[in-house]
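Trainee: I am new to this structure and would like to understand the words used for it. Could we go through them together?

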Amino acid sequence: MTVAYFDCPAGVAGDMCLGALLDLGVPLDYLQSQLAKLGIANEFELTIQTVQRKGQRGLKAQVHLRDRHSHHHRHWPDIAKQIRAAHLSDRARDWSLKVFEALAIAEGAVHGIEPEKVHFHEVGAVDALVDIVGTCLGLDYLDVSRIYCSALPTGGGMVKAAHGQLPVPVPAVLQLCQTYQVPLYSNGIEKELVTPTGAALVCALSEGFGAPPAMTLKRVGLGAGSQELPLPNLLRLWLGTLPNSAETTTAKTIVELQTQLDDMTPQALSYTLEQLYAAGAIEVFYQPITMKKSRLGVLLTVLCPPSVEAACVQTLFRETTTLGLRRQVQERYILERQIKTIATVFGEVRVKVAEHQGQRLNVQPEYEDCAALARQHQQPWQVVYQEALAVALQLWSLG
């Protein structure tokens, strides 16, 4: 299993991520051909150059806009539509959407508006599309399965932005770091070290922040920043593999959100559950409880990855009557799983196969596929399910 670790002693920006990935061997012509699917091929040129940063070599990626005054600002729904229509790989598409969504939610929180109404400036421009989608394409090309990131330096001073002078870290970066619980520290450099694009990339894609995971290091890509700093302005992207035992037993970070409710109808709760799953929650459930004054209520619990916590929080405040939430960050162990398709006498059924250290422990036919075939052939669901399970067990012995 391939793992990537973003080592950010000088901060992180979108162009630094691109440079590091290209330095790791992602072909430039591959990125250009894939980015052309966004319909912006005639609006930019992506170039690379080997540079020196305090005596260390790095690769500088740069997006050259052919006409800096012709590209229009975009809203989050416009960007999402553009990415979905590009026919990228599923993983590159989903990662790109996740990054831009995280950024839209952060900008919306900063400006006090809904994410859909966020009017992107620098972030909605062609160069940011190239940085974000290009980075996701590069990680997908290298077949990265898990992503981690170091703590981030705060930087300092002031920076010029679309709304005037802003303190560093800029508000969107602070919002992202707060939402994703990113560990921060000062390295004494009073410049903008972490850009909103860079923060959104590592926040939305990383499973955790801090020290690197136990890994066998294969290569290191060095992406150069534009500023001259007291230290080498380089993003170091470590690429390696996890030990076999770590592939299935390394703990993953998960966020638990809880709230008590005593004034919602069952129909409203049911709709809320649907919306939470749509926002990316892993699991949602509620339990009957007795609240103050002996009122009957429910305890609503949401389990979600850190990357969609903000979206789940927003859904809870929008769809429920709660006035506040509790959150806990936890670690969980999960089995590696994959979806395979098998052929049965009724038709094709997807089966979830769970493994631990290369040993298959469980197979489970997908409910919806069995239900669809049961309706189609007018058979009991159990008959279709048992047929699919029998075929799966013949193909993959357990134990």
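Predicted model: local features only at pLDDT ≥ 70, side-chain atom pairs only at ≥ 80, totals over all residues.

Trainee: What makes β13 and β14 a pair, then?

Mentor: Strand β14 covers residues 296–304, and β13 joins it over 8 bridges in the antiparallel sense. At least two bridges are needed, so with 8 bridges β13 and β14 count as paired. In this pairing, T290 stands opposite L296 of β14.

Trainee: Why are β13 and β15 called edge strands?

Mentor: The open sheet has 4 strands in the order β13-β14-β12-β15, with antiparallel pairing. β13 (283–290) and β15 (326–332) each pair on one side only, and that is what the name refers to. Helix α9 (residues 266–278) packs on this sheet, where it touches β12, β13 and β14.

Trainee: Let us turn to the rings. Why is the pair of Y30 and Y141 called tilted?

Mentor: Their ring centres are 4.9 Å apart, and rings pair if the centres lie within 6.5 Å. Planes under 30 degrees apart would be stacked and over 60 edge-to-face; the planes here are at 45°, so the pair is tilted.

Trainee: Which parts does this pair tie together?

Mentor: Y30 is in helix α2 and Y141 in helix α5, so the pair links parts 111 residues apart in sequence.

Trainee: And what makes the pair of W381 and Y385 stacked?

Mentor: The angle between their planes is 15°, and under 30 degrees counts as stacked. The centres of these two rings are 4.9 Å apart. W381 and Y385 are 4 residues apart in helix α12, so about one helical turn separates them. Together with Y367, W381 and Y385 form one aromatic cluster.

Trainee: How do you know whether W381 and Y385 are buried or partly exposed?

Mentor: Buried means under 20% relative accessible area, and exposed means over 50%. Y385 has 13%, so Y385 counts as buried. W381 has 29%, so W381 counts as partly exposed. By the same cut-offs, Y30 at 21% is partly exposed.

Trainee: Which residues touch the most other members of the largest nonpolar core?

Mentor: That core has 70 residues, and F6, F44, L139, L152 and L176 touch the most other members. Helix α4 (residues 90–111) gives the most to this core, with 9 residues. A second, separate core has 20 residues, including L269 and V284.

Notes: Residues numbered from 1 in each chain as written. Heavy atoms only, no water. Core = buried A, V, L, I, M, F, W, Y, C linked by side-chain atoms within 4.5 Å. Buried < 20%, exposed > 50% of the residue type's maximum accessible area, 1.4 Å probe, protein only. Helix = DSSP H or I, 4+ residues; strand = E, 2+ residues; numbered from the N terminus. Contact = heavy atoms within 4.5 Å. Axes fitted to C-alpha atoms, helices over the stretch in contact; angles between N-to-C directions. Phe/Tyr/Trp six-rings, centres within 6.5 Å; stacked < 30°, edge-to-face > 60°.
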